[in-house]
Structure formats: C-alpha cells, structure tokens
Amino acid sequence: MEQKKILSRCPLFSGLTEAEMGAVLRGMQVKEKDYEKGEILLFAGEVPRDFGIVLEGGIVILKEEFSGSTTLLSQGFPGEIFAEAFAASGEPSLVTVEAAKKTRILWISYGQMMRPEGGGRAKGRLVENMMHILAEKNLFLANRVSHLSRRTLREKVLSYLGEQAAKQGSREFDIPFDRQKLADYLAADRSALSAVLGKLQREGVLTFRKHHFILHTEDEAVHEMEKGDHR
C-alpha cells in the first residue's frame with residue numbers, strides 16, 4: 001500500500017487511477033531490487049535499458065571528474081525517477097548512481113514502455129507523461145547552461161533568480177534549493193555564493209531569508225541600500 005502511494009506521487013503516473021497504474025505495470029517488464037548503502041545502481045559509462053523509480057531509501061547522483069574527484073550533482077528520494085534520459089537516448093550514462101542508504105528501486109524497461117501495443121488509454125498517458133518529464137529536464141539543463149555561461153558569479157546568481165521570478169510570476173518567491181544545493185547548481189563555492197548574496201542584499205538589489213527571495217526595482221534597491229547604511 002505504501003509503495004502504491006509513492007508511485008502515485010511519481011509524475012510518470014500522473015492522471016492514472018490506481019487500477020490503471022497497476023495494469024500498465026503488470027503489462028511491462030518491471031522489477032524491484034534492493035540495494036545496501038554505498039552500492040552502485042548505475043555506473044558512469046554504462047548504457048542502461050531501464051530507468052528507475054525510488055520506492056524506499058534514497059540515491060545520490062555523482063559525477064566523476066577527470067582529476068579523480070567526485071561531485072555530488074543531485075539526490076533522489078521516494079517517488080523520484082532517474083536514468084530515464086540515458087535509457088531513452090541509448091547513450092552511456094555520464095553519472096554514477098549510488099544508494100545513499102538501504103534502498104529499494106523499481107526498474108522499468110524504457111523500450112517495453114514505449115511499445116504501442118497494449119495498455120490502451122493508460123499506456124498512452126504513461127508515454128505522454130514520460131515525454132513531458134524528458135522535456136522538463138531538457139529545459140532545466142538548458143536554463144542551467146544559460147546561467148553558467150554568465151561571466152561572474154554575481155551574474156549567474158541574478159540570472160537564476162530572474163528566471164525563478166519570471167517562472168513564478170512575482171518578484172517575491174521561494175527557490176527549491178538550500179544554500180549548498182544552489183552553490184552546486186551554479187558550480188560555485190558555498191562561501192563565495194554567500195558573499196555574493198550578502199553583497200547584493202547590502203546593495204538593495206534583493207533581500208532574502210533562507211530560500212525566500214525578493215528582487216527589488218532600481219528605486220527599491222536604492223531605498224534598501226540606504227536602510228542598510230543606517231543599520
């Protein structure tokens with residue numbers, strides 16, 4: 001029952017009833033597998049035919065650098081999907097996926113899922129959801145490249161925050177990252193990021209508390225800077 005609730009939160013099954021979800025899973029090549037903490041689910045360079053959904057525990061997605069160091073790119077929690085882009089493209093994985101704790105994964109054959117026969121409306125909705133997931137991840141990566149192409153960390157920060165304001169339709173918004181994750185996303189040192197954010201706040205360009213931000217207009221920025229001078 002708990003696993004059904006987790007799967008129902010996964011965007012892959014959006015719009016499907018519990019009965020439809022069960023039917024499409026029974027009609028595809030799916031398998032559950034348990035992993036111990038530190039066990040590798042997917043190696044960099046491997047070409048996966050299946051993608052995974054975290055049922056229990058959690059995963060970390062790691063990038064192995066040429067220098068031999070390892071960078072944490074992201075984490076995955078119950079209900080989240082991973083490796084779908086590599087399974088869809090047939091290209092080798094650029095990352096290593098490791099169990100962050102005792103973890104259970106539901107593996108689904110991408111090729112089996114994309115076959116047109118069987119499943120009816122529910123199968124069609126599943127494929128539609130997968131296309132949406134892949135498109136969203138492409139946009140996420142395109143936006144990140146755009147931010148990282150900025151010359152300075154200040155410009156990267158303002159580019160990212162401007163995108164979030166536009167996406168949420170307000171100059172006051174929350175971002176989905178804590179400070180360390182934002183630093184990782186912008187390929188920056190956390191202390192350097194904190195220094196830039198502090199300076200932007202002192203200049204009145206923005207105000208923030210934790211993951212909540214307010215971007216100011218030019219007039220508001222002058223006012224905020226004047227307030228800061230009197231603190």
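**Figure 1. Ala187 in the loop between α7 and α8.** In this predicted model, Ala187 is found in the loop that connects α7 with α8. Although Ala187 is not a glycine, its phi is positive, at about 55°. The relative accessible area of Ala187 is 57%, above the 50% cut-off, so the residue counts as exposed.

**Figure 2. Ala83 in the loop between β6 and α3.** A positive phi is also found at Ala83, where the angle is about 70° although the residue is not a glycine. Ala83 lies in the loop between β6 and α3. With a relative accessible area of 11%, Ala83 is buried.

**Figure 3. Ser93 and its contacts.** Ser93 is located in the loop between α3 and β7, the latter spanning residues 96-99. Its relative accessibility is 3%, and Ser93 therefore counts as buried. When neighbours within four places in sequence are left aside, Ser93 is in contact with Leu42, Phe43, Ala44, Gly45, Glu46, Pro48 and Phe86.

**Figure 4. The aromatic pair Phe82 and Trp107.** A search of the whole structure finds eight aromatic pairs. In the pair formed by Phe82 and Trp107, the ring centres are 5.4 Å apart and the planes stand at 75°, so the arrangement is edge-to-face. Phe82 is buried, with a relative accessible area of 3%. Trp107 is buried as well, with a relative accessible area of 7%.

**Figure 5. An aromatic cluster of four residues.** Phe140, Tyr160, Phe177 and Tyr185 form one aromatic cluster. Phe140 is also one of the residues that lie nearest the centre of the largest pocket, which is the topic of the next view.

**Figure 6. The largest pocket and its lining.** The volume of the largest pocket is about 1,900 Å³. Its lining consists of 48 residues, and those nearest the centre are Leu73, Ser74, Lys137, Phe140 and Leu141. At least two lining residues are supplied by each of the strands β4 (59-64), β5 (70-76) and β6, and by each of the helices α3 (84-89), α5 (120-148), α6 and α7 (179-185). Helix α5 provides the largest share of the lining, 13 residues.

**Figure 7. The open sheet of β9, β11 and β10.** Three strands, in the order β9-β11-β10, form an open sheet with antiparallel pairing. Strands β9 (172-174) and β10 (206-209) stand at the edges and have a single partner strand each, so one side of each is left without a neighbour in the sheet. On average, and with direction ignored, neighbouring strands of the sheet are turned by 20° against each other. Four bridges join β10 to β11 (residues 212-215) in the antiparallel sense. Phe208 stands opposite Phe213 in β11.

**Figure 8. Helices α6 and α8 against the sheet.** Helix α6 (residues 153-168) packs on the sheet and touches β9, β10 and β11. The direction of α6 makes about 100° with that of β9. Helix α8 (residues 190-202) lies across β10 and β11. Relative to β10, helix α8 runs at about 125°.

Notes:
Residues numbered from 1 in each chain as written. Predicted model: local features only at pLDDT ≥ 70, side-chain atom pairs only at ≥ 80, totals over all residues. Heavy atoms only, no water. Pairing = 2+ DSSP bridges. Axes fitted to C-alpha atoms, helices over the stretch in contact; angles between N-to-C directions. Contact = heavy atoms within 4.5 Å. Phe/Tyr/Trp six-rings, centres within 6.5 Å; stacked < 30°, edge-to-face > 60°. Buried < 20%, exposed > 50% of the residue type's maximum accessible area, 1.4 Å probe, protein only. 1 Å grid on protein atoms, 1.4 Å probe; cavity = no way out; pocket = protein on both sides within 12 Å on 5 of 7 lines; lining within 4 Å. Points joined across faces, edges and corners; volume = space filled by probe spheres on them.
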